[in-house]
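Dear colleague,

Please find below the structure that I am handing over to you. My notes on what was found in it follow directly after.

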Amino acid sequence: MTFQLDSLKDILVCPQCRSKLIQDDSRLVCRDDSCRLAFEILENIPVMLVDEAKQLETEEWQTVIQKLDHPAEANGEA
Ligand SMILES: [Zn+2]
């Protein structure tokens, strides 16, 4: 659970649609609303394989994005 997306977020993109990813605990979720793939993080290494990814239901995806896209104190994005 020590994986930190921060150091990788500039180079890690969804292998299917090239959108940015967002970290939700032990997985990375694609931010594209028609893609919605979730990539598991196993032993601190994200499995960036479309074949291994799980596509989230729209409702679950929206919940994840809303929860993580509006952190109380985020200043990272230019
Ligand atoms: Zn995607």
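Predicted model: local features only at pLDDT ≥ 70, side-chain atom pairs only at ≥ 80, totals over all residues.

Strand E1 and strand E2 (residues 27-30) pair in the antiparallel sense, and four bridges join them. Within the pair, Ile22 stands opposite Val29 in E2. Two residues lie between the strands of this hairpin, and Asp25 takes a positive phi near 55° there.

Strand E1 itself covers residues 21-24. Its covered face holds Leu21 and Gln23, whereas Ile22 and Asp24 belong to the uncovered face. As background, side chains in a regular strand alternate between the two faces of the sheet.

For the overall layout, the protein contains one helix and five strands. Along the sequence they follow the pattern β-β-β-β-β-α. The protein has 78 residues, of which 18% count as buried. Among the contacts with a separation of 6 or more, 25% are accounted for by residues 24 or more positions apart.

Which residues form the largest nonpolar core? Eleven residues make up this core: Cys14, Leu21, Leu28, Val29, Cys30, Leu37, Phe39, Ala53, Leu56, Trp61 and Val64. At least two residues of the core are supplied by each of E2, strand E3 (37-42) and helix H1 (58-69). E2 gives the largest share, with three residues. In soluble globular proteins, nonpolar side chains tend to be buried together.

Leu56 is found in the loop between strand E5 (54-55) and H1. Why does Leu56 count as buried? Leu56 counts as buried because it has 20 C-beta neighbours inside 10 Å, and the cut-off for a buried residue is 20 or more. Leaving aside neighbours within four places in sequence, Leu56 is in contact with Val29, Arg36, Ala38 and Trp61. Arg36 is 20 residues from Leu56 along the chain, and the C-alpha atoms of the two are separated by 5.6 Å.

Finally, a word on confidence. The average pLDDT of the protein is 86, and 79% of the residues score at least 70. Confidence is lowest in strand E4 (residues 45-46), with a mean of 90, and highest in E5, at 98.

With kind regards

Technical notes:
Residues numbered from 1 in each chain as written. Buried ≥ 20, exposed ≤ 12 C-beta atoms within 10 Å, placed from the backbone. Pairing = 2+ DSSP bridges. Core = buried A, V, L, I, M, F, W, Y, C linked by C-beta atoms within 7 Å. Contact = placed C-beta atoms within 7 Å. pLDDT = per-residue confidence, 0-100.
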